[in-house]
Structure formats: C-alpha cells, structure tokens
Amino acid sequence: MSCGLSMVKYLLFLFNLLCSICGILLIVFGILLFSNIHNIDDIAEAVQTQQVPITMIVLGSVILLISFFGCCGAIRESYCMSITYSVLLFVLCVGQLALVIYMWVQKDRYLVIMGDVVEKAWARRTRKADYMDAIQISMECCGKNSYVDYSFQGYYPPSCCKDSNCRIENVYRRGCKQTFVDFWDKNSDIIKYVGLIIAAIEFVGFIFACCLANNIRNYKRRSSY
C-alpha cells in the first residue's frame with residue numbers, strides 16, 4: 001500500500017469519526033428540543049409544529065449512516081464504496097445548505113408558526129392541558145401572554161411555578177408565546193451556523209473521499225501490471 005493512500009485512508013477514517021460524533025450530537029439536540037408526546041394526536045401536532053427538531057433527528061441519523069458507510073469504504077479500500085460515499089456526502093452537503101438557506105429566508109414565517117403553536121396549545125387547554133403544561137414547564141413561562149391570563153380562574157396551574165404550591169408570589173411572569181418565539185429565534189441562529197460548519201466539514205470529507213477513491217483506483221491499476 002502506498003504512503004499517500006494510507007494517509008488519505010486514515011484522514012478519511014478520522015473525518016468519518018468526527019462526522020459520527022456530529023450526527024449523534026444532532027440527534028441528541030433534536031430529541032432534547034422535541035416535546036414529549038403521549039398519543040397519536042400529539043404526534044400529528046408535533047410533526048406540523050416541530051419541523052426543525054424532526055429534521056435534526058433525521059439529518060443526524062443520515063450523517064451517522066453515511067459516516068459508517070464511509071468508514072467501511074476506507075477500511076476495505078473499496079473504490080466503489082468510496083465513490084458512492086463521496087456522492088452521498090456531496091448530496092447531503094447540498095441538501096444541508098439548502099435547509100440552512102431556507103431557514104435564513106423563512107425565519108420570520110417560522111417564528112410566526114412557533115407563535116401559533118402556543119396559540120393552539122392555549123386554545124385546547126380546557127380539554128387537554130398537557131401540551132400547554134409542557135411548554136410552561138420547559139420554557140418557565142405562564143399563560144399565553146402573561147400569568148394574568150389565569151386570573152379569571154382564581155388559581156395558577158402547578159406548571160406555572162417551580163414549586164408545587166403555585167401562588168402569585170412565585171408564578172412565572174413571562175407569557176409563553178413571546179418566550180417560545182424568543183427561544184426559537186435564538187436557537188434558529190445557532191442551528192443555521194452549526195449547519196454551515198457541518199456542511200463545510202462534509203465538503204472537506206467529500207474532497208478526501210474523492211482523493212481516496214482516485215488513489216485506490218491508481219493503486220489497483222499499478223498492482224495489475
């Protein structure tokens with residue numbers, strides 16, 4: 001085996017190890033952002049309102065799968081697997097850039113959708129309060145616009161306070177709609193920049209994969225003579 005082939009092989013292996021870690025982090029971060037679901041109705045609503053966490057989980061799974069495929073191609077020194085891996089990595093990189101650009105352009109529209117999530121949760125709280133409770137606990141907020149929204153019923157739900165004994169003295173002051181929108185406003189920027197960094201890393205991996213495939217082909221050609 002030539003020195004150049006060995007160097008590219010080990011560099012690609014380390015790159016795929018890094019990509020696997022990135023994929024796992026995307027999956028974990030997406031799961032942390034995804035709301036707890038308990039039945040089919042929650043799943044349907046989650047799919048409509050939480051596209052970013054779902055996309056992160058799917059993207060992380062795809063990156064993990066492609067990285068595993070790339071590791072196998074590097075270890076086995078297979079030209080076919082290496083070139084297939086490079087094509088898949090390039091397609092993934094382009095798709096990821098398209099997603100980042102979409103989030104950049106449609107950010108205001110997406111934030112409006114996130115505000116509608118709280119509106120819907122507030123409207124359905126009388127027959128099913130667990131979704132609103134989940135938002136209030138995770139975001140540490142109370143009511144749609146503020147804790148005053150619960151004044152008409154004379155008490156505050158336990159999800160509006162850190163303590164189980166929820167009173168006016170320890171109730172969360174911020175409303176959930178603005179808190180939820182601000183949360184996604186901040187995290188959407190983080191997701192965009194992380195997506196750009198990962199796309200750049202994937203492009204470097206694409207170059208390494210093409211170099212490995214080319215070196216494998218040249219090495220096998222020289223070996224056949």
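Student: Where does Asn 170 lie?

Tutor: Asn 170 sits in the loop between helix H6 (130-139) and H7. Helices here are DSSP runs of H or I with at least four residues, strands are runs of E with at least two, and both are numbered from the N terminus. Before we go on: this is a predicted model, where local features need pLDDT of at least 70, side-chain atom pairs count only at pLDDT 80 or more, and totals for chains, interfaces and linings use all residues. Residues are numbered from 1 along each chain as its sequence is written, and side-chain values use heavy atoms, with hydrogens and water left out.

Student: What makes the pair of Asn 170 and Arg 167 a polar contact?

Tutor: The side chain of Asn 170 reaches the backbone nitrogen of Arg 167 at 2.8 Å. A polar contact is a pair of N or O atoms within 3.5 Å; within protein, one must be able to donate a hydrogen and the other to accept it, and residues adjacent in sequence count only if both atoms are side-chain atoms. The backbone oxygen of Asn 165 also lies 3.2 Å from a polar atom of the Asn 170 side chain.

Student: Which residues does Asn 170 contact, leaving aside its neighbours within four places in sequence?

Tutor: Those are Cys 160, Cys 161, Asp 163 and Asn 165. Contact means heavy atoms within 4.5 Å.

Student: Why is Gln 96 called buried?

Tutor: Its relative accessible area is 3%. Gln 96 belongs to helix H4 (residues 79-105). Not counting residues up to four places away, Gln 96 touches Leu 59, Ile 63, Gly 195, Ile 198, Ala 199 and Glu 202. With Gly 195, a polar atom of the Gln 96 side chain lies 3.0 Å from the backbone oxygen.

Student: And Leu 25, is that one buried or exposed?

Tutor: Exposed: Leu 25 has 54% relative accessibility. Leu 25 is found in helix H1 (residues 3-33).

Student: What makes Asp 185 and Lys 107 a salt bridge?

Tutor: Their closest N and O atoms are 2.7 Å apart. A salt bridge is a side-chain nitrogen of Lys or Arg within 4 Å of a carboxyl oxygen of Asp or Glu, so this pair qualifies. Asp 185 lies in helix H7 (residues 176-224) and Lys 107 in helix H5 (residues 107-123), so the pair ties together parts that are 78 residues apart in sequence. Asp 185 counts as partly exposed at 27% relative accessibility, while Lys 107, at 18%, counts as buried.

Student: How many salt bridges does the structure hold?

Tutor: Five. One of them joins the side chains of Glu 119 and Lys 177 at 2.7 Å, N to O. Glu 119 is in helix H5 and Lys 177 in helix H7, so this pair links parts that are 58 residues apart in sequence. Glu 119 is partly exposed at 28%, and Lys 177 is partly exposed at 28%. Another is the salt bridge of Arg 174 with Asp 182, whose closest N and O atoms are 2.8 Å apart. Salt bridges that share partners join Glu 119, Lys 144 and Lys 177 into one network.

Student: How do you know that the span of H5 is close to what is expected?

Tutor: H5 has 17 residues and reaches 25 Å from its first C-alpha to its last, close to the 24 Å expected at 1.5 Å a residue. The expected span is 1.5 Å times one less than the number of residues.

Student: Why do the buried residues of H5 line one face?

Tutor: Seen down the axis of H5, its buried residues fall within an arc of 145 degrees, so they line one face of the helix. The arc is that of the directions from the helix axis to the C-beta atoms. Among the buried ones are Tyr 110, Leu 111, Met 114 and Val 118. Asp 108, Val 112 and Ala 123 are exposed on the other side of H5.

Student: What does the secondary structure of the whole protein come to?

Tutor: Seven helices and zero strands. Of the 225 residues in the protein, 44% are buried.

Definitions and conventions:
Buried < 20%, exposed > 50% of the residue type's maximum accessible area, 1.4 Å probe, protein only.
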